[in-house]
Amino acid sequence: EVPVICIDGPTASGKGTLAAEVARLLGYHYLDSGSLYRVTGLAVRRAGLNADAQHEAEVAALAAALPLQFTEGKVLLDGEDVSDEIRTEAAGMDASRVSALPAVREALLALQQRFRQLPGLVADGRDMGTVIFPDAALKVFLTASAAQRAERRHKQLISKGISTTLDSLRSDLEARDARDSSRSVAPLKPAQDARHLDNSQLSIEQSIDTVLDWWQQ
Ligand code: C5P
């Protein structure tokens, strides 16, 4: 069995940074599952489709046939680099909408599982430990206070020259968490056997060390 480490948690909890760094240190592959929902959201928007239950089959068909490539940390959609475009708050909201459709989740299931390759995989998202890799050897549920998460996202965006306010970011991420937690399919919740890590007061190095310690146990 190819080993898998799952890192699930809410928006802006620092999953991506933590998972990518743990993967790099272990020499494992890395799956940013949110990027798949983000690209699907973008493709849906470009196709002029509505991500509602009425269009579920069409949206899922789009997701199943995404001309996607991951190269050198970039996400290519039909050859076009959309890495920056899928990172905006609006793209996050679009992703959250398409991800609430069961047929879309089903369409992306096998694609995610194909990332499980030797020597191992670190996967981050909302349902890595509960749905996609239920047999993973280590499942981490990463949280941080809403205030902390809004502040980190704020810093990130400012550093990219994108201006927003802390208040609007915080209400955006709380709205997204509420939708992700209350949906009927794969709601955001810790796996029963997940280890909980609240990184509100931890540096990134401390979070990495904690996960590596758990992995070596
Ligand atoms: O993690 P990220 O913020 O990139 O995810 C964007 C959105 O995609 C989330 O708000 C969530 O609705 C959805 N998502 C999901 N399942 C995953 C990863 C992301 O539903 N495994």
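Before counting anything, I note that helices are DSSP runs of H or I with at least four residues, numbered from the N terminus. I also keep in mind that this is a predicted model.

**Entry 1: the shell around the ligand**

I started with the helices. Which element gives the largest share of the shell around the ligand? H2 does, with four residues.

I then went through the neighbours themselves. There are 17 residues around the ligand, and Arg38, Arg105, Arg126, Asp180 and Arg183 come nearest. Sorted by class, the shell has nine charged residues, five polar ones and three nonpolar ones.

Next I looked up some N and O distances. For Arg38, an N or O atom of the side chain is 2.6 Å from an oxygen atom of the ligand. Arg126 also points me to a ligand oxygen, with a polar side-chain atom 2.8 Å away from it.

How much of the ligand's accessible area does the protein cover? I get 97% of the 460 Å² that the ligand has on its own.

**Entry 2: the largest pocket**

I checked where the ligand sits, and the space it takes is the largest pocket. Two or more shell residues come from each of helix H2 (33-46), helix H4 (89-99) and helix H8 (166-182).

I put the volume of the largest pocket at about 870 Å³. Its lining runs to 40 residues, and Ala12, Gly14, Lys15, Gly16 and Arg153 lie nearest the centre. My list of elements that give two or more residues to this lining has helix H1 (15-26), strand S2 (29-32), H2, H4, strand S6 (121-125), helix H7 (146-159), H8 and helix H9 (204-216). By class I have 15 charged, 15 polar and ten nonpolar residues in the lining of the largest pocket.

**Entry 3: the second largest pocket**

I moved on to the second largest pocket, with a volume of about 300 Å³. Which residues lie nearest its centre? Out of 14 lining residues, I noted Tyr30, Asp32, Phe70, Gly73 and Val75.

Strands turn up here: S2, strand S3 (68-71) and strand S4 (74-77) each supply at least two residues of the lining. S2 has the largest share, with three residues. For the classes in the lining of the second largest pocket, I wrote down six nonpolar, four polar and four charged residues.

Conventions:
Residues numbered from 1 in each chain as written. Predicted model: local features only at pLDDT ≥ 70, side-chain atom pairs only at ≥ 80, totals over all residues. Heavy atoms only, no water. Near = heavy atom within 4 Å. Polar contact = N/O pair within 3.5 Å; in protein donor to acceptor, adjacent residues only side chain to side chain. Areas by Shrake-Rupley, 256 points an atom, 1.4 Å probe, with all protein chains shown as cover. 1 Å grid on protein atoms, 1.4 Å probe; cavity = no way out; pocket = protein on both sides within 12 Å on 5 of 7 lines; lining within 4 Å. Sits in = over half its atoms within 2 Å of the grid points. Nonpolar A, V, L, I, M, F, W, Y, C, P; charged D, E, K, R; others polar. Points joined across faces, edges and corners; volume = space filled by probe spheres on them.
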